[in-house]
Amino acid sequence: MSGGDTFLSVRDIWKTYAIPHGGGSRPVLRGLDFCLERGEMAGLVGESGSGKSTLARLLLGLEPPDSGTVLLEGQPLRQWRARGGRLSVVFQDYMTSVNPGFTLAEVVDEGLGPGCRLSRRERRREVDRLLERVGLSPLLSGRLPHELSGGQVQRACIARALAVQPQVLLMDEPTSALDPISTSKIEELATNLKEQYTIIIVTHNMQQALRISDKTAFFLLGELIEYDDTQTLFYQPKEKRTEDYITGRFG
């Protein structure tokens, strides 16, 4: 549930990429402004190339914006991380984000990191707890990724992301490679995780945003066209471009 406490604030973010062979540059993000409250889930939706994945990379600190600021708990990203703030990510392609020779337990344990001060027994208990948190039985902990379903591997990846005790969980197209049943289970899990985490989900699937997001940001060609409560954005959009996109998809 939202606590009315602004947690993440994106202020006037601009990002351009150079075009090869002297072609100048093209804007990828243009003047983005939005905020997210603690304990909410925001869906970033739009077609490929709309800028939502670029924003995700900026939030992860993988590259800086050309201008503008991202604040978490009122502090710039670097300062927020320096005092122990953590943002964790779940990637789209679960099979390439895990070591195929790792057991399920080792995949999750990887998130605890080499600096973890827990004893071996305590680490194992923590791994079991994390597996159960994402709906997996510890009895599966000795299996390799190819012995599991795609949904089970993705839930293990979520458990690994939770192992670092993040304040923000970024999920980048987490269900695009999954079947409908596994997708439904991941969406249910993400909804339950809102009780403890602020979640940002990058998706091209607007129906998914409608099902699980508290707020939705619609991107088009690097511009944030509309950002609002999800129900309002879908059923009472303020921008004609938003309405046209939704109607074109579901009309």
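Visitor: Is F7 buried or exposed?
Guide: Keep in mind that this is a predicted model. The relative accessible area of F7 is 1%, and anything under 20% counts as buried. So F7 is buried.

Visitor: How many aromatic pairs are there in the whole structure?
Guide: Aromatic rings are paired up by how far apart their centres lie, with a limit of 6.5 Å. Searching the whole structure that way, the count comes to three.

Visitor: And what kind of pair do F7 and W80 make?
Guide: Their ring centres sit 6.4 Å apart and the planes meet at 80 degrees. Planes over 60 degrees apart count as edge-to-face, so this pair is edge-to-face.

Visitor: How many residues apart are F7 and W80?
Guide: F7 belongs to strand β1 and W80 to helix α2. The pair links distant parts of the chain, 73 residues apart.

Visitor: Is W80 buried or exposed?
Guide: W80 has a relative accessibility of 0%. The cut-off for buried is under 20%, so W80 is buried.

Visitor: How do helices α3 and α4 sit relative to each other, parallel or perpendicular?
Guide: Their axes come within 9 Å and cross at roughly 105 degrees. Angles from 65 to 115 degrees count as roughly perpendicular, so α3 and α4 are roughly perpendicular.

Visitor: How many residues of that contact are nonpolar?
Guide: The α3 side includes L104 and V108, and the α4 side includes L130 and L131. Across the contact there are three charged residues and no polar ones, and the nonpolar ones number seven.

Note on methods: Residues numbered from 1 in each chain as written. Predicted model: local features only at pLDDT ≥ 70, side-chain atom pairs only at ≥ 80, totals over all residues. Heavy atoms only, no water. Phe/Tyr/Trp six-rings, centres within 6.5 Å; stacked < 30°, edge-to-face > 60°. Helix = DSSP H or I, 4+ residues; strand = E, 2+ residues; numbered from the N terminus. Buried < 20%, exposed > 50% of the residue type's maximum accessible area, 1.4 Å probe, protein only. Axes fitted to C-alpha atoms, helices over the stretch in contact; angles between N-to-C directions. Parallel < 35°, antiparallel > 145°, perpendicular 65-115°, else oblique. Contact = heavy atoms within 4.5 Å. Nonpolar A, V, L, I, M, F, W, Y, C, P; charged D, E, K, R; others polar.
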